[in-house]
Amino acid sequence: MARSWHRVRSLLPARADFAVMARDPRRDLLAGLTVAIVALPLALGFGVSSGLGAEAGLATAVVAGALAALFGGSHLQVSGPTGAMTVVLVPIVAEYGPGGVLTVGLMAGVLLITLALLKAGRSMRYIPAPVVEGFTLGIACVIGLQQVPNALGVPQPEGDKVLVVAWRAVEAFVRTPDWTATALALAVAAVMLLGARWRPAVPFSIVGVVAATLAAQIFHLDAAPIGDLPSGLPAPSLAFLDLSALGSLLGPAVAVAALAALESLLSATVADGMTVGQKHDPDKELFGQGVANLAAPLFGGVPATAAIARTAVNVRSGAGSRLASLTHAAVLAVIVFAAAPLVSRIPLAALAGVLLATAIRMVEIGALRAMVRATRSDAVVLVLTAVATLVLDLVHAVVIGLLVAGALALRAVAQHARMDQVDFTADVPGQHSDEEHALPAEHVVAYRIDGPVFFAGAHRFLLELSEVADVRVVILRMSRISTMDATGALVLKDAVEKLDRRGIAVLTSGIRPGQRRALASVGALDLLRRDGREYATTPEAIAGARAHLRQAGLLPAVPATALVTEEAS
């Protein structure tokens with residue numbers, strides 16, 4: 001019990017986390033204000049894209065942003081609704097409705113806290129870079145396609161497949177074209193993309209949205225606005241929770257939790273890389289995201305995760321503690337309470353433009369080009385993950401990417417394992433003439449095995465032993481085997497038994513302690529020891545081979561004194 005409580009306490013905020021907030025509060029407050037300005041249109045846009053409305057995006061940014069900053073494992077992380085999470089939520093909304101999404105958020109929060117208690121945070125570091133780049137590219141494409149209806153100014157078509165919905169929106173636009181929404185969306189996207197090149201520090205997303213809103217109001221443009229927003233957060237409620245649906249929502253909840261863990265830890269790693277001396281705690285970060293996702297649905301918010309783009313803005317704005325992220329949430333809360341009527345007039349097309357520009361900026365051409373040029377395997381994993389994200393969903397895409405990356409990695413490792421025939425005459429103990437060296441060489445062959453002997457490659461070369469012909473003894477030099485699993489040991493045992501049946505003795509040398517367990521588990525070690533065919537060194541194995549040949553009458557017997565001298569050497 002005490003150990004469990006200690007584990008829970010290790011995940012809670014410590015006094016040092018709050019002490020850092022007092023170092024330079026002015027700088028953190030300014031950074032938080034900057035991030036809030038950048039986050040506002042994104043929170044609205046992702047709320048609309050999720051299907052729960054702009055108010056859900058704002059509630060998520062406020063509640064999840066504050067709690068993840070308070071309980072998370074990074075001092076610089078900024079959390080809220082993200083494009084990646086929106087990609088996962090759209091099919092959940094289509095199948096289960098808004099209540100299903102909120103229930104999934106609660107369940108994902110429980111799963112994330114469980115992962116934190118199990119210390120699973122560090123396992124996320126093993127996800128290969130091509131998988132990350134692939135699903136980032138796929139997410140960018142999905143986010144862009146999700147904006148097609150609002151960017152074209154047509155009603156949201158039915159369907160949960162983004163390609164189908166985008167195509168139906170294009171068809172509806174072609175039937176009754178109206179370029180107002182398209183012009184607003186493209187204008188906002190252009191302002192963001194061009195402005196970022198000109199003045200990277202200026203939040204051009206808010207500039208573009210404000211300009212588009214003013215233009216729509218002044219010129220009475222026919223552009224659909226966000227609509228009425230509540231002036232404040234709703235009271236916390238569990239009215240949406242349907243206990244009978246928990247079983248069917250477990251799969252989506254696992255998907256949401258996996259994505260929240262993956263994106264949050266990736267974002268925290270990016271934040272560490274942009275600073276000096278900052279290092280996040282992955283388990284505390286999972287705990288913080290779990291708490292955030294437990295609370296956000298109670299206030300009508302969607303599942304949340306850390307946002308790489310907003311975290312990067314936070315770091316570049318000079319943030320040094322959690323105070324910046326808390327300020328970002330507080331500023332957004334003030335906007336919710338004080339400026340809801342103004343925010344409700346923002347055209348949906350303007351938000352579509354913000355997300356289109358965000359999708360474009362997610363794609364780093366240089367990183368993609370480098371990844372594709374690195375190796376053919378990296379290119380295959382990247383492309384497959386991106387396509388799977390677009391056609392299936394993000395979680396399936398990551399699983400496919402990991403499986404393909406793992407298979408290709410195993411294939412590459414297996415190719416490094418080899419078995420080479422080696423000259424053993426230099427290791428023959430004692431002093432011998434050329435004729436004495438040549439005679440055992442006619443009946444003995446030695447192989448040196450290098451690299452891993454495991455399921456992915458053992459059959460490739462160990463079965464070659466079964467084809468050895470015209471010899472009486474095979475010596476296996478095993479000191480250079482880096483690792484061996486049960487499959488490798490079983491294949492080795494099979495080869496030894498086949499050679500035994502053909503009257504060929506197999507002798508081994510240099511078996512390392514790490515290999516003995518695998519060999520013993522399948523009975524291969526007992527097989528070698530039974531006839532005294534395991535030796536510590538190669539010279540000892542060669543002496544054993546000579547003794548075997550003498551017993552078979554293939555080498556002449558030697559005087560006892562010479563035999564003692566040979567064995568001693």
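Which residue's side chain does the side chain of Thr-82 join in a polar contact of 3.3 Å? The partner is Glu-263. This model is predicted.

- Thr-82 sits in a loop. Strand E1 (79-80) lies on one side of that loop and helix H5 (83-117) on the other.
- Thr-82 counts as buried because its relative accessibility is 3%, and buried means under 20%.

**Thr-82: contacts**
- The side chains of Thr-82 and Glu-263 form a polar contact of 3.3 Å.
- The Thr-82 side chain also reaches the backbone nitrogen of Met-85, at 3.3 Å.
- Neighbours within four places in sequence aside, Thr-82 is in contact with Phe-46, Glu-263, Thr-305, Ala-306, Ala-307 and Arg-310.

**The largest pocket: volume and centre**
- The volume of the largest pocket is about 1200 Å³.
- The pocket is lined by 40 residues. Closest to its centre are Ile-308, Ala-309, Arg-310, Ala-312 and Arg-361.

**The largest pocket: lining**
- Several helices each give two or more residues to the lining, among them helix H3 (25-50), H5, helix H11 (246-273), helix H13 (308-316) and helix H16 (348-362).
- Helix H9 (179-198) and helix H10 (204-218) are also in that group.
- H6 gives the most to the lining, with seven residues. This helix spans 129-146.
- By class, the lining has 26 nonpolar residues, seven polar and seven charged.

Key. Residues numbered from 1 in each chain as written. Predicted model: local features only at pLDDT ≥ 70, side-chain atom pairs only at ≥ 80, totals over all residues. Heavy atoms only, no water. Helix = DSSP H or I, 4+ residues; strand = E, 2+ residues; numbered from the N terminus. Buried < 20%, exposed > 50% of the residue type's maximum accessible area, 1.4 Å probe, protein only. Polar contact = N/O pair within 3.5 Å; in protein donor to acceptor, adjacent residues only side chain to side chain. Contact = heavy atoms within 4.5 Å. 1 Å grid on protein atoms, 1.4 Å probe; cavity = no way out; pocket = protein on both sides within 12 Å on 5 of 7 lines; lining within 4 Å. Points joined across faces, edges and corners; volume = space filled by probe spheres on them. Nonpolar A, V, L, I, M, F, W, Y, C, P; charged D, E, K, R; others polar.
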